Amino acid sequence: MARLNYNHLRYFWAVAHNGNLTRTAEQLHVSQSALSLQIRKLEEQLGHDLFERRGKQLVLTEAGRLALDHADVIFAAGDELLSTLQHAGHSRDLLRVGALATLSRNFQTRFLEPHFGRDDIGMVVRSGRLPDLLAQLEAHHLDVVLTNEVPPRDAATPWIVQLLDEQPVELVGPPKKGLEERSLADLLTTENLIVPTVETSIRAAFDALVHRLGVVPNLAAEVDDMALIRLLARSGEGLAVIPPIVARDELASGRLVEVAELPGITESFHAITLARKFPHPLLGELLAAFD
């Protein structure tokens, strides 16, 4: 089998991201005919058309989209190789962090705090769904993923999952006379409750707790964003089922108080990384703070 010509792939990759043959040729300082020839040779080797024309625009075919996905990974890995080897033994100036969209903002801040205010460090923080973040991690677009969900693993899975912290989950709400003196069962059945949605580990543990207690909770709202749960509790809409770190500032100021512990319910915070021969020094400092 003939080897893939990476020069052809590089030209295709540039055109695919640009969407315009003429403009790409100008940027690459080659003729438009030479660029077209390189892409045609790649199509002949792959056995598929990679573009179709729509007016003046080039649009990827299904095969073109698949080829672009692979090219993105290949050239990102090349950039990563240059960056890590050229800076081996020296602090890099950029840390790329992915965070689950529903993860506590306060925990994210706590994780990144050691590097705040440093002029020699830049940080990129992206939020999203866990499968998307893990794909970016494997493609070396991210250095670490922060999550409260542990992804399924098998022998072929390249991720390293490190437990950073484990927080108790409590009922948190505005100060109210006599609230802390009432029984947990009474609070759960009479007070409006703001709880995470059913797909979360906290909610699963909460449902198991109320089942053990034999009570029917008074659910006022089910929310998939911890920050919104905190804001609803702060505005007096009910008692929030959250780890205290989510409402750290409000608890410190007294706007919210810890009303009752929820026995047996905790939330775990994890960092997911890839094994690397040249570990990211900035990331190592942050992870070491949780050892």
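At what angle do the axes of α1 and helix α3 (residues 32–46) cross, and within how many Å do they come? I get roughly 110° for the crossing, and the axes come within 8 Å. That makes α1 roughly perpendicular to α3 (angles under 35 degrees count as roughly parallel, over 145 as roughly antiparallel, 65 to 115 as roughly perpendicular and the rest as oblique).

Before going on, a note on what I have: this is a predicted model, where local features need pLDDT of at least 70, side-chain atom pairs count only at pLDDT 80 or more, and totals for chains, interfaces and linings use all residues. Residues are numbered from 1 along each chain as its sequence is written, and side-chain values use heavy atoms, with hydrogens and water left out.

**Helix terms.** Helices (H or I, at least four residues) and strands (E, at least two) are DSSP runs, numbered from the N terminus. Axes are lines fitted to C-alpha atoms, for helices over the stretch in contact, and angles run from 0 to 180 degrees between N-to-C directions.

**α1 with α3.** I looked up the hand, and α1 passes α3 in a left-handed crossing (the near helix is turned anticlockwise from the far one by less than a right angle; clockwise would be right-handed). From α1, the residues His8, Leu9, Tyr11, Phe12 and Val15 meet Leu35, Gln38, Ile39, Lys41 and Leu42 of α3; contact means heavy atoms within 4.5 Å. By class I count seven nonpolar, two polar and one charged residues in this contact (Ala, Val, Leu, Ile, Met, Phe, Trp, Tyr, Cys and Pro are nonpolar, Asp, Glu, Lys and Arg charged, and the others, Gly among them, polar).

**α1 with α2.** Helix α1 (residues 6–18) also packs with helix α2 (residues 21–28), at an angle of about 125° and with the axes 9 Å apart. That makes α1 oblique to α2. The crossing here is right-handed. Tyr11, Ala14, Val15 and Asn18 on the α1 side meet Leu21, Arg23, Thr24, Gln27 and Leu28 on the α2 side. The class tally for this contact is five nonpolar, three polar and one charged residues.

**His29.** I found this residue in the loop between α2 and α3. His29 is not a glycine, yet its phi is positive, about 60°. Buried or exposed? His29 is exposed, at 72% relative accessible area (buried is under 20%, exposed over 50%, partly exposed in between, with a 1.4 Å probe and protein chains only).

**Leu112.** This one is in helix α5 (residues 105–112) and counts as buried at 6% relative accessibility. Leaving aside neighbours within four places in sequence, Leu112 is in contact with Leu95, Val97, Met123, Val125 and Leu286. I also checked the spacing to Met123: 11 residues apart in sequence and 8.9 Å in space, C-alpha to C-alpha.

**Leu219.** I find it in strand β8 (residues 219–223), partly exposed at 32% relative accessible area. Not counting residues up to four places away in sequence, Leu219 touches Leu193, Val195, Arg203 and Phe206.

**Whole chain.** I get 11 helices and 10 strands in the protein chain. Its radius of gyration is 25 Å, well over the 19 Å that the globule rule gives for 291 residues, so the chain is more spread out than a compact globule (taken over C-alpha atoms; the rule is 2.2 Å times the number of residues to the power 0.38). Buried residues make up 43% of the 291.
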